[in-house]
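Dear colleague,

I am passing on a structure that will be new to you. Please have it open while you read the notes that follow.

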Amino acid sequence: MDGVIRTRAGYAGGAKLNPTYHDLGDHTETLQVDFDPSRISFEKLLDLFWRAHDPAHASPWTQYKTVLFVGDPEQEQAAVASRDRLEAALGRPVRTEILLLAETAFYQAEDYHQKYRLRHVRVLMAEFRAMYPAEADFVRSTAAARINGYLDGQGTLPQLERELDSLGLSAGSGAGLRERVAKRDRRTA
Amino acid sequence: MNLWRSSAAHAESAPDLIHPLPPIDLAAPAQFETATFALG
């Protein structure tokens, strides 16, 4: 998605210190996105968030709750306004929670949860390992975040074609990724 | 073409590797905002 700089999976919303996947305590699985506000607005991200889940459904499990964590009063205001608009349009209560992130903490998940789709494509990972021998640098990579998104079914072929040269892949891997996204676009056309 | 890493931080961590970094990473803006979601 244009304007997304970095992504990381993690845990938030609970009181337990230093949660892990196998000892999550009262935390919820969470995705954090760094974005360039000059290219994508928080409101646009909110639209995508509401469309990506069923806001009328509340999970009985804390681990899988749907939550909109807000980082500051501006985000809170935008989040509440968008929730209220959606509620009015749906004509039923939105059960997605809005929580202040400052009252909890975001804990980055274990490495094997980061860039999950990309991690399972060996040829692409070999190139990223060469680019980023340090795991933390790989997780922070914009290219890795964007390729992981394409592998997860996000983005379109024209979008990929516009930025393919900037993703740092070899010609062969770039062509492979392009073919993969083209095939998916043909299936969903 | 200079294949050496252009970032000093990365060069420090792996000076013997000659793979270039993705241009999109080198161009990442210093100013950004953060959004946090849990999607169930």
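Strand β3 (residues 66–70) of chain A runs parallel to strand β4 (residues 97–100) of chain A, and four bridges join the two. Helices (H or I, at least four residues) and strands (E, at least two) are DSSP runs, numbered from the N terminus; two strands pair if DSSP finds at least two bridges between them. Within this pair, Leu68(A) is placed opposite Ile98(A) of β4(A). Together with helix α2 (residues 73–90) of chain A, β3(A) and β4(A) make a right-handed β-α-β unit (with the strands pointing away from the viewer, the path from the first strand over the helix to the second runs clockwise).

The model is predicted, and local features need pLDDT of at least 70, side-chain atom pairs count only at pLDDT 80 or more, while totals for chains, interfaces and linings use all residues. Residues are numbered from 1 along each chain as its sequence is written, and chains are lettered from A and ligands numbered from 1 in the order in which they are written.

The sheet comes next. Six strands form an open sheet of mixed pairing, in the order β4(A)-β3(A)-β1(B)-β2(A)-β1(A)-β5(A). At its edges stand β4 and β5 (107–108) of chain A; each has a single partner strand, so one side of each is left without a neighbour in the sheet.

The contact between the chains takes 40 residues from chain A and 22 residues from chain B (two residues are in contact if their C-beta atoms, placed from the backbone, lie within 7 Å). On the side of chain B that touches chain A, α1 (8–13), α2 (23–26) and β1 (33–39) of chain B each supply at least two residues. The largest share, seven residues, comes from β1(B). By class, this side of chain B has 14 nonpolar, six polar and two charged residues (Ala, Val, Leu, Ile, Met, Phe, Trp, Tyr, Cys and Pro count as nonpolar, Asp, Glu, Lys and Arg as charged, and the others, Gly among them, as polar).

Chain A is assigned domain 1 (4–108) and domain 2 (115–188), with bounds from an automatic or database domain assignment. The C-alpha centres of these two domains of chain A lie 25 Å apart. Five residues of domain 1 of chain A are in contact with four residues of domain 2 of chain A.

The largest nonpolar core has 39 residues, of which Leu68(A), Phe69(A), Ala144(A) and Ile147(A) touch the most other members. Such a core is a set of buried Ala, Val, Leu, Ile, Met, Phe, Trp, Tyr and Cys residues joined through C-beta atoms within 7 Å; a residue is buried if 20 or more other C-beta atoms lie within 10 Å of its own, exposed if 12 or fewer, and partly exposed in between, with C-beta atoms placed from the backbone. Helix α6 (residues 142–151) of chain A gives this core its largest share, six residues. Residues up to four places away in sequence aside, Leu68(A) touches Phe49(A), Ala79(A), Thr96(A), Ile98(A) and Phe37(B).

With kind regards
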